[in-house]
Amino acid sequence: MEPTLFDKIIAREIPADIVFEDDEVLAFNDINPQAPTHILIIPKKPIATLNDIEETDLALIGRLQFTAATLAKQLGFAEDGYRVVMNCNENGGQSVYHIHMHLLGGRRLAWPPG
Ligand code: AMP
């Protein structure tokens, strides 16, 4: 598989505004924010889409969610509320084929999404 943009961010070949990192997860500000806070939370393991998650990845996927909630608490909007989104494939609006969780917070978000 060709390295994606996010593989290059993990490898520090492309700069990003990193807000959290551990052995398995990286989180950085989205370059085109859709809310006052818009962070992308990604596994370091390259998984192309939600459809490619395997049973052995379940703890890793939980870690993405836990990271989102931890960041929301640290940034002060956990109680007000926020949204996490993972887009899958073309109809879901996925543009980078390395799974990522969008963490959107800091304003009231409309529903349904576009
Ligand atoms: P998606 O459309 O769900 O695949 O989300 C991909 C996200 O990556 C979009 O919200 C883009 O704004 C974001 N993005 C693209 N390039 C970069 C970059 N170099 N640094 C940070 N975020 C990026």
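**View 1. The second largest pocket of the predicted model.** About 170 Å³ of space lies in the second largest pocket; this volume is the space filled by probe spheres set on grid points, which are joined across faces, edges and corners. The lining consists of F77, D80, G81, Y82, G106, R107, R108 and L109. By class, 3 of these residues are nonpolar, 2 polar and 3 charged. Here Ala, Val, Leu, Ile, Met, Phe, Trp, Tyr, Cys and Pro count as nonpolar, Asp, Glu, Lys and Arg as charged, and the others, Gly among them, as polar.

The structure is a predicted model in which local features need pLDDT of at least 70 and side-chain atom pairs count only at pLDDT 80 or more, while totals for chains, interfaces and linings use all residues. Residues are numbered from 1 along each chain as its sequence is written, and side-chain values use heavy atoms, with hydrogens and water left out.

**View 2. The largest pocket.** The volume of the largest pocket is about 760 Å³. Its lining comprises 33 residues, of which D30, N32, Q34, H38 and H102 are the closest to the centre. At least two lining residues come from each of α1, β2, β3 (37-43), β4 (82-85) and β5 (101-105); helices (H or I, at least four residues) and strands (E, at least two) are DSSP runs, numbered from the N terminus. The lining divides into 17 nonpolar, 12 polar and 4 charged residues.

**View 3. The shell around the ligand.** The ligand takes up the space of the largest pocket, since a molecule sits in a pocket if more than half of its atoms lie within 2 Å of the grid points. Around the ligand are 16 residues, the closest being D30, N87, S95, H100 and H102; a residue is near a molecule if one of its heavy atoms lies within 4 Å of it. The shell holds 7 nonpolar, 8 polar and 1 charged residue. Its largest share, 3 residues, is supplied by α1.

View 4. A polar contact is a pair of N or O atoms within 3.5 Å. An N or O atom in the side chain of D30 is 2.5 Å from an oxygen atom of the ligand. A polar backbone atom of S95 is 2.6 Å from a ligand oxygen atom, and a polar side-chain atom of H102 lies 2.8 Å from an oxygen atom of the ligand.

Methods. Polar contact = N/O pair within 3.5 Å; in protein donor to acceptor, adjacent residues only side chain to side chain. 1 Å grid on protein atoms, 1.4 Å probe; cavity = no way out; pocket = protein on both sides within 12 Å on 5 of 7 lines; lining within 4 Å.
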